[in-house]
Amino acid sequence: MARARNGRVELLQGTLDLIVLRALSTMGPQHAYGLAARLEQVADDTFALNQGTLYPALVRLEQKGWIRGTWQTTENNREAKYYAITKAGMRALDKQAERWRRLAGLVDKLLFDES
Amino acid sequence: MKRLFMRILNAVLPSRAEDRLARELASHLTLLEDDFHRRGMTPEDARLAARRAFGGVEQTKELHRDARSFRWIDDARRDLQYAVRTLRKAPGFTAVAVLTLALGIGANAAIFTLIDAVLMKSLPVHDPGGLVMLGDARSSGVGTRPHGSFPVYSHALYQHLRDANVLDGLCAFQSADAQVSVRRSGWSAARPAGARLVSGNYFEVLGVNAAAGRTIAPFDDSPSAPPVSVVSFRYWKDTLNGDPSVAGSTIDLNGVAVTIVGVAAPEFYGDRLQPDPPGFWLPISADRQLDPQRMVVDDPDQYWLYLMGRLMPDVSAAQEQARLTVALQSWLLTREGSSVSAERRREISNSRVELNPGRSGVPHVQRNYSQTLQLLLGISAAVLLITCANLAGLLLARGAARRAERSVRLSLGASRGRLLLVVLVFRGAEDVPIPIVPDVRVLAFTFALSCGAAIVFGLLPAIRMSSDIAPAMRGGAPSVRGSVLSHRRFGLGQALIIGEVALSLVLLAAAVSFARSLANVAGQAFGFDHEHVLIIDVDPGLARYEYSRLAPLYQQMDSRLSSLPGVKSASFSRYSPFNGCCWAFTVAVEGYTPKPQENTSVLLNRVSPRYFETLGTKVLRGRAFDAHDTPVSRRVAVVTGAFLHRFLLTGDPIGRRFGIGGRNSGDLEIVGVVEGAKYDDPREEPAPMAFLPLLQVKPGEEVSSTFINAIEVRSAGNPTAIAGQVRQALADIDPRLPVLRIDALSDQIGRALSQEIVIADLAVFFGLVALMLTCIGLYGLMAYVVQRRTSEIGVRIALGARPRAVMGMMIRDALAQGVVGLLIGIPAAFAVTQLVANQLYGVSATDPKNCAAAALVLILCITIAAYVPARRASLIDAMKALRHE
């Protein structure tokens, strides 16, 4: 599963997309740095997130039409690309989250159930 | 779906996406930096911290590209740009690379085009795959009944087989090439043209249409039908000037008014590939009018037609073959009448029809050239191999200069596979195919060849390059120790050079063998003196001469031609050397008892009195013919030394007798012996020959052999200079007499040797190309080695090595590789010359001279190629080299 290294875990393939979607749906539009900061904060340094690795996920989601990016100005008057989740993205998030829940439950059961 | 579209779009038009990404990453970094700044860092520290926190910008870009488009399309495009840029920066290298590759691939494409055109093309007819040829077409002309498998058929037999309705259409056509004398209103003299007699259903069975008018139809092919003809599109365009009213017009062929009913389809050239396809097709029935003297159509014992048909849709070739054989045997039996000897019956039961694929028509040219073409393909493939090895070597050498750059690219996030791709594109961009005929097959072949070459020989150095990133990263130049080691480890470049040297040796040895063989063939004693002789091909039969009128004609021609200024002597003959010689006939020699089944045929020719004098053939004993040998005088013959040898005539041969044909008694008296001469195959020993006086025939004997086909004229100077006078003199005697060709005898021999000349020329050319390529490759490799060993050589020089010693060391290195290559190449060269031994004349395949000559040339060239880099090495400045470290 996730390879442990220095006590940190690396994300499973495909889960980053889901996490980004979730973060955008709860926090509203965010730029990549904001997302990265948020994820690091939530994860409390337990998983390794190279900030650059967000970009492939963002471009994938954008090409699927699940998020949309627009250039805006930050409160400190810097320009940044803000990503917002789209309707299709919300639907996809529900579906993927449900799938993840079932998968995680199954894996959990298979690995740790004593029966 | 949408994502797929976006990815392709991004791959093709990457600049927008690339700009946006750069902007976004910059903004990301700025935000990070701001954060760190706020936490109290100095601006400089904040900037660095931001970079650290973000990770590799370039890696991110690569990942992004990966996700947003198809990586390989994107990469290929970028690598192509990179390759083009690199090529532009090094025009010298590019020129050499492109030229060598163009040469290699071009040579292969050209040879393959030839092979495609000669061996692989189908007849331009309807559904050529359905055509079958009866027999293997191994003999042609007019002859007696064949044994075993029938290659030629008589007209009566053709009709019998056609009416057996075994095949879905069966047509017949003349097996030999024939010529007609063409006269047309507005032309000053008769012109020769190729003609072929074909059955009435010929065009129908082949499925060929007319471009104008109509084709020959079955009703044209009957004794009562008026003579008609179809002209070829080429003849119509070139000789009849595309006359729009040609269909329905009349033309004079051999003095017969023939109606041209149509022009054949433009692409149709006949039933076989040949250099000069026929201009006229006439129905077989026209044979009765065109050439009554030599008419064969109504003689069931004259076998002269090729048969071609179409398979029935649902019947196998084996079944049809069996049925045709039954039809053949029944026809043969019927003709025997009531009493058939057991031997004859056995012979008939052995007679059979074999069906062969008719897709490419009569396979004469294919048979003659396939071995030559395969040989040429082998040679050109070897050259391509050298070209590729060479380029691989050049890439390696250049790679030395680009190491640092490559290492940077790798560390910047380019994957190893990607780096391979750069080199492949680099190679691919140089592929310049030179298709002579834009044929799909040729293009496909060339393309496959280029790709194969690019992959194999681009990949090798690329793999090598990507495998040693680490040392290059550690420092610009390897250490002294490292350089010695890596020099030792540098196996690929050496292997390439060794391979090149070996291949070059094979090609050069082959070139030497072929050149020597050609020199032997062309320079041999033919048994006549071919300088200063003009040969004029004529055919009085085409001008409607009869036997009785030949004597005055020959008399007139002799006195006219002999009195021309610059003419030493003139003669006439049925056949001239190397021009379809001769007719073969069984002879019975008095005092020689042949074994049962022994073939006692010799070549026969009819010649005029001064023939031997004109050709320069020596009369060894007795006399040549003279004016006393008239049609009614004692029947005499002149034979060759080979004839005496063949029939064990020892002692004085003058006065000995022999007869032609099994039944005839020895009515020919030998009056002279001449040296044996080669008339047909320049590689074979002179065949036994007998010469007869031009007009001496027995009453009732076939007279066609008394019609001359050639006039020989020996001139004082250049023979072609008097061609115009000769032509004029002949036109003065009879304007209807067509001159088919005027040529020097040496050119006639040259034509017979054309294949040899082509092979030798190409072998020498490719051999030199191989030599040049090998030298370029060796030079490149040596330059590379010198560069890699700069510091080592610097140390040597610093320690007191003299420049001369350094130079010697470098050249010795090069020669060592050359010698290894030679050691591999020499056995290979022997093996290859063994393979082509049957194409060599007077050159032993195992003759060490060929290899020795090739090896000497190679060694010399290797030394020269190694000299320049070696000299550069000897001039290395020790201090600079060590500082370089």
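Reply: The discussion below takes up chain B, its cores, a helix, a strand, and then chain A. Please note that the model is predicted.

Me: How many helices and strands are there in chain B?

Reply: Chain B has 29 helices and 22 strands. Of its 885 residues, 41% count as buried. Among the contacts in chain B with a separation of 6 or more, 82% are between residues 24 or more positions apart.

Me: Which residues have the most contacts inside the largest nonpolar core?

Reply: The general idea is that in soluble globular proteins, nonpolar side chains tend to be buried together. Here the largest nonpolar core has 75 residues, and B:Leu505 and B:Met782 have the most contacts inside it. Several elements of chain B give two or more residues to this core, including α6 (91-120), α13 (364-401), α19 (491-523) and α25 (754-788). The greatest share comes from α25(B), with 19 residues. Domain 2 (91-121 + 366-475) and domain 4 (477-525 + 752-885) of chain B each supply at least three residues to this core.

Me: With which residues is B:Leu505 in contact, leaving aside its neighbours within four places in sequence?

Reply: Its partners include B:Gly821, B:Leu822, B:Ala854 and B:Leu858.

Me: How should I read a helix, and which residues of helix α7 of chain B are buried?

Reply: An α-helix has 3.6 residues a turn, so residues three or four places apart point the same way. In α7 (residues 155-163) of chain B, the buried residues are B:His155, B:Leu157, B:Tyr158, B:Leu161 and B:Arg162. They lie on the same side of α7(B), because they cover an arc of only 155° around the axis.

Me: Against what do the buried residues of α7(B) pack?

Reply: They pack against β2 (170-174), β10 (305-310) and α11 (317-336) of chain B. B:Asn165 follows α7(B), and its phi is positive, near 55°.

Me: Now to a strand: how many residues of β19 of chain B are buried, and which strands does β19(B) pair with?

Reply: Strand β19 (residues 668-674) of chain B is mostly covered, as five of its seven residues are buried. Strand β16 (residues 619-622) of chain B pairs with β19(B) in the antiparallel sense over three bridges, and B:Arg621 stands opposite B:Val673 there. Strand β17 (residues 636-640) of chain B runs parallel to β19(B), joined by five bridges, with B:Ala637 as the bridge partner of B:Ile670. Strand β18 (residues 657-660) of chain B is antiparallel to β19(B), with two bridges, and B:Arg657 stands opposite B:Glu669.

Me: Turning to chain A, what is the order of the strands in its open sheet of three strands?

Reply: The order is β3-β5-β4 (chain A), with antiparallel pairing. Because β3 (30-31) and β4 (67-73) of chain A each have a single partner strand, they stand at the edges, and one side of each is left without a neighbour in the sheet. β3(A) pairs with strand β5 (residues 79-85) of chain A over two bridges, where A:Gln30 stands opposite A:Tyr83.

Me: How many residues of chain A are in contact with chain B?

Reply: The size of an interface is often given as the accessible area lost when the parts come together. Counted by residues in this model, 20 of chain A are in contact with 22 of chain B. α2 (32-43), α3 (54-64) and β5 of chain A each supply at least two residues to that side of chain A. The most come from α3(A), with six residues. By kind, the residues on this side of chain A are six nonpolar, nine polar and five charged.

How values were computed:
Residues are numbered from 1 along each chain as its sequence is written. Chains are lettered from A and ligands numbered from 1 in the order in which they are written. This is a predicted model: local features need pLDDT of at least 70, side-chain atom pairs count only at pLDDT 80 or more; totals for chains, interfaces and linings use all residues. Two strands pair if DSSP finds at least two bridges between them. Helices (H or I, at least four residues) and strands (E, at least two) are DSSP runs, numbered from the N terminus. A residue is buried if 20 or more other C-beta atoms lie within 10 Å of its own, exposed if 12 or fewer, and partly exposed in between; C-beta atoms are placed from the backbone. The arc is that of the directions from the helix axis to the C-beta atoms. Two residues are in contact if their C-beta atoms, placed from the backbone, lie within 7 Å. Ala, Val, Leu, Ile, Met, Phe, Trp, Tyr, Cys and Pro count as nonpolar, Asp, Glu, Lys and Arg as charged, and the others, Gly among them, as polar. A nonpolar core is a set of buried Ala, Val, Leu, Ile, Met, Phe, Trp, Tyr and Cys residues joined through C-beta atoms within 7 Å. Domain bounds come from an automatic or database domain assignment.
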